Amino acid sequence: MTVDQSPAWLALNRHADEVRDQHLKDMFEEDHHRFQKFSFRAAHCLADFSKQRITDATLQQLIKLAEQQQLPQKIEALFTGEHVNTSENRPALHTALRQPKEIPLVLQGVDISKEIHCSLERMEALVEQIHNGQWRGYDGSPIKTVVNIGVGGSDLGPLMTCRALNLFTTDEIRDIDLHFVSSMDGSQLARLLNQIDPASTLFIVSSKSFSTIDTLANSNTAREWLVNASGLPVELISQHHFIGVTASPSKASEWGIPEKNQLHFWDWTGGRYSMWSAIGMAIALQTGNTNFRRLLAGAHEMDTHFRSAPLTRNLPVLLAMVGIWNINFLNIHAHAVLPYDGRLQHLPAYLEQLEMESNGKSVTLNGEKFNYSTCPILWGEVGPNAQHAFYQLLHQGTESVMCDFIAPALRYKEHGDELKAQHQLALANCLAQSRLLALGDSVLEDAANAPSHKRYRGNQPSTTIMIDELTPESFGALIAMYEHKVYVQSVIWEINPFDQWGVELGKQVATSLLDQLTTPSAASTDCSTAGLIQFIQQQRQEA
């Protein structure tokens, strides 16, 4: 029996029939204490669910569903190293990457906490070496430019965090020019190599498997560029200009990175959960080791809350269950992520990967196909920019969309009134947009007499997530909250959020087509692909 046939699910279906036609403006008129009832705080974050189409009974029924699915036991299984990644028969212990050194975690007779902190300290030593100008290029120049080569979780997490925390550094840190390269077509690297000095550039090759074709293609190009610029052998270039961060040290060595230049993490660390490991070296280079530790501490604070707080006041649980309500009972399958702080510009892209790669599944843990929806389509943009792009659809389109508004309460404490005023403007827009989406034009006088093309229907549900201010701690807590939200929803939907078999077949087919693109053949394929290959080959011949 799948979850949609269970008693708690069927009870929520009946409850949805009672709530579905209610408008948020009526809910607010009937209950002036919605904010007090439906807002919750923990670990630097406040989550306001009062603009969601829920009642007291809705939350009670959702918690019953979570209890029916044994969520408390599943949370404990995540933290204690049970094999929650069933298809790959291993744990998912990203939470262990940010727990303090003095807290042991024994896995198969080994205290992995000690191993984790040994890796972290090794990373910190390399970061200090670079900051102190002690890591030298092939001609003795200190490293001035660092390029992180990765894709997916090995790119998005560090990139997002470096942009979010770019103002957090300490005076003793030498300025490093940091870049990120992920595009398979080489466009990012081609532009970058014309701007940087090879003798003072270090490449961090971030790849769990060290076999991802995107990452290796960029790494090979970077190494060839260095060899051509220096005239030195590959072995010397690899020693001076490459660090490998991987869970496959033998593959990194095979590619040519010496063992002393390698940082390791574990196969139980999923790529999209890996920024807390040595994959986060770029973050430590940008912000300093102390601030990287603060990031881990903030995430651990949210971990502790998630593990210990009752379900009724548990931020990740409530965030997840309200999402379940929207998706499976109100039939809302689009989710917009709207940060009102330009430093969070990469957060929507990060959450797109985190949620859609984790929970974009249609088969249960038992291999059964099911008839209910799982992960919605996520997209987003910095809120003020999005207002001039797709908010038209949110306010007057035909699609129901759930939204997350995200903003810090405080900013520019050390700056003048002008920048503080700009932050106030951003906050005013954030609050106004969520209010209008919920209540529609009922907030305006005489709205009923406006022409139909100027009417705002409202009743679009949203959650507002406020952090006290954007710091390494609050940012770590925010990201950990969304990670745990994903896990909770996977428990309810009875799926494995820690594998991604849906991306593997495309890689295999791409490899098989590579030879056909370079060498004409009569290999069997569909007529569309064959026609496109023929067009490409014709263009090459005519060029």
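Ala, Val, Leu, Ile, Met, Phe, Trp, Tyr, Cys and Pro are counted here as nonpolar, Asp, Glu, Lys and Arg as charged, and the others, Gly among them, as polar. The model is predicted, so that local features need pLDDT of at least 70 and side-chain atom pairs count only at pLDDT 80 or more, while totals for chains, interfaces and linings use all residues. Residues are numbered from 1 along each chain as its sequence is written, and side-chain values use heavy atoms, with hydrogens and water left out. The structure holds 2 cavities of 30 Å³ or more.

**Terms**
- A cavity is a set of points, on a 1 Å grid over the protein atoms alone, where a 1.4 Å probe fits but cannot get out; lining residues have an atom within 4 Å of a point.
- Grid points are joined across faces, edges and corners, and a volume is the space filled by probe spheres set on the points.
- Helices (H or I, at least four residues) and strands (E, at least two) are DSSP runs, numbered from the N terminus.

**Largest cavity**
- The volume of the largest cavity is about 100 Å³.
- Its lining comprises 15 residues, with L319, G323, H335, M402 and D404 nearest the centre.
- Two or more lining residues come from each of α14 (315-329), β12 (402-410) and α19 (472-493), and α14 gives the largest share, 5 residues.
- By class, this lining has 6 nonpolar, 6 polar and 3 charged residues.

**Second largest cavity**
- The second largest cavity contains about 70 Å³ of space.
- Its lining is formed by L97, I116, S119, L120, M123, W266, W276, S277, A278 and L296.
- Helix α6 (residues 112-131) supplies the largest share of this lining, 4 residues.
- The lining of the second largest cavity has 8 nonpolar and 2 polar residues, and no charged residues.

Technical notes:
1 Å grid on protein atoms, 1.4 Å probe; cavity = no way out; pocket = protein on both sides within 12 Å on 5 of 7 lines; lining within 4 Å.
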